[in-house]
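Please read it alongside the sequence and the coordinates.

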Amino acid sequence: MTASAGQNLKVDPDRLWDSLMEMAQIGPGVAGGNNRQTLTDADGEGRHLFKKWCDDAGCTMGVDAIGNMFATRPGTDPNAPAVYVGSHLDTQPTGGKYDGVLGVLAGLEVIRTLNDLNIRTKHPIVATNWTNEEGTRFAPAMLASGVFAGVHTQDWAEDKRDAEGKRFGDELDRIGWRGEEAVGARKDDMHAFFELHIEQGPILEAEGRDIGVVTHGQGLSWTQVTVHGKDSHTGSTPMPMRKNAGLAMARILEKVEEIALSHAPHAVGAAGHIDVHPNSRNVIPGKVVFTVDFRSPTLSVIEDMEARLRSEAQAIADAMEMEIEFEKVGGFDPVAFDEGCVTAVRTAAERLGYSHMDIISGAGHDACWINRVCPTAMIMTPCVDGLSHNEAEEITKDWARAGADVLLHAVVETAEVVA
């Protein structure tokens, strides 16, 4: 593929945008976004629409036993491993229209564009929808891609339960999207994987860049902290006699802020999940449970933050004469994406004239697990104000087009055009 031909190879931005808007009609939220949580009826409906579109594009749909969907456009070499592209269709309870969905439908748009231009590739191209990336209904996040990559066992994943006690495996059967294909059976047939995603952060928009070339993914550590104080009346308990678990949590969270800032600029830390007991206006909290989320692209930094959290939080609890417990409830190591795939993304952006910069993903994505299976890279587009996991999440058609164009070129280069 010559440079001039490459510059002219672009997706249909209107078709991509129309597909995004049509998918957004399924599982609408209450404020303009989406509530299409995994293994709900809405998830099942979205899957049927995606399959229809893939069928219309001449793809063969495969589904594995944990619901991952694989739409294959054949290559000219039946023995060549496939280039995979995709993300996820499930959303947060108050999710936006683009998180994950852009990557799946841009993968489909790559196939549609190649069909339009009658371009054949040596390697098959597979548009993919991974099950339960969000992890909001069934924790943890990136669950099915983790099973695919061998990080989790299938039995363990299928036994996960939601807040109502419903079991993952039972809900997968209920909506009719358990496939016959063994999970992970495709691992040896993967040439590469590309995932397009909105940034979910403010950097690209602030820097005025069209494309984020994702070189690394941050590692993550979730530590659940439980502090035991003593319930007592807020009005009649003297200040020196209180055992205020809420106050202990506040002091610990100040330490979390200090620990993360000590590893600036790439480390971050906060507590997003907080339960206060008994959560009454006139009762001093006797127990708090909160989860500290530390992230960094450097493993040694994560390990340092974990150790300092335990040490400094223990010291606070001891000084306040309270009991404290720690449990690591989630995490994964930092990811360095494949240099060859990253170069393909960067070269595509330069060929097309899109402004770009290297960036580190602050969120977990299916690509972080698939990177263990085959060469992998990510492409990011800006999102307005960096807002995501919110119904007000927004991108522009131009940003979607730029990301999909770069995806198209990176995939085509890797899949090898046949003259």
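**Notes on the predicted model**

1. The axes of helix 2 (residues 13-23) and helix 13 (residues 397-415) come within 10 Å of each other and cross at roughly 110 degrees, where axes are lines fitted to C-alpha atoms, for helices over the stretch in contact, and angles run from 0 to 180 degrees between N-to-C directions. Helices (H or I, at least four residues) and strands (E, at least two) are DSSP runs, numbered from the N terminus. Helix 2 and helix 13 are therefore roughly perpendicular to each other, a term that covers angles of 65 to 115 degrees, whereas under 35 counts as roughly parallel, over 145 as roughly antiparallel and the rest as oblique.

2. This is a predicted model, in which local features need pLDDT of at least 70 and side-chain atom pairs count only at pLDDT 80 or more, while totals for chains, interfaces and linings use all residues. Residues are numbered from 1 along each chain as its sequence is written, and side-chain values use heavy atoms, with hydrogens and water left out.

3. Which residues form the contact between helix 2 and helix 13? Pro13, Asp14, Leu16 and Trp17 in helix 2 meet Lys397, Ala400, Arg401 and Ala404 in helix 13, contact meaning heavy atoms within 4.5 Å. By class, the contact of helix 2 with helix 13 has five nonpolar, no polar and three charged residues, with Ala, Val, Leu, Ile, Met, Phe, Trp, Tyr, Cys and Pro counted as nonpolar, Asp, Glu, Lys and Arg as charged, and the others, Gly among them, as polar.

4. The largest nonpolar core has 101 residues, of which Met23, Phe50, Leu105, Phe194, Ile395, Val406 and Leu407 touch the most other members. Helix 13 supplies the largest share of this core, 11 residues. A nonpolar core is a set of buried Ala, Val, Leu, Ile, Met, Phe, Trp, Tyr and Cys residues joined through side-chain atoms within 4.5 Å; buried means under 20% relative accessible area, exposed over 50%, and partly exposed in between (1.4 Å probe, protein chains only). Leaving out residues up to four places away in sequence, Ile395 touches Trp17, Tyr98, Leu102, Ile198, Pro382, Cys383 and Ala400. A second, separate core of 23 residues includes Val227, Ala248, Val288 and Ile316.

5. Some backbone geometry deserves a look. Most residues other than glycine have a negative phi, and most peptide bonds are trans. The peptide bond from Ala139 to Pro140 is cis, with omega near 5 degrees, and Pro140 is placed in the loop between strand 5 (125-129) and helix 5 (143-148). The bond from Ala264 to Pro265 is also cis, with omega near 10 degrees, and Pro265 sits in the loop between helix 9 (245-261) and strand 10 (268-277).

6. Glu416, in the loop between helix 13 and strand 17 (417-418), has a phi near 70 degrees, a positive value in a residue other than glycine. At 35% relative accessibility, Glu416 counts as partly exposed.

7. Lys51 belongs to helix 3 (residues 41-56) and, at 29% relative accessibility, counts as partly exposed. Leaving aside neighbours within four places in sequence, Lys51 is in contact with Met61, Met69 and Trp177.
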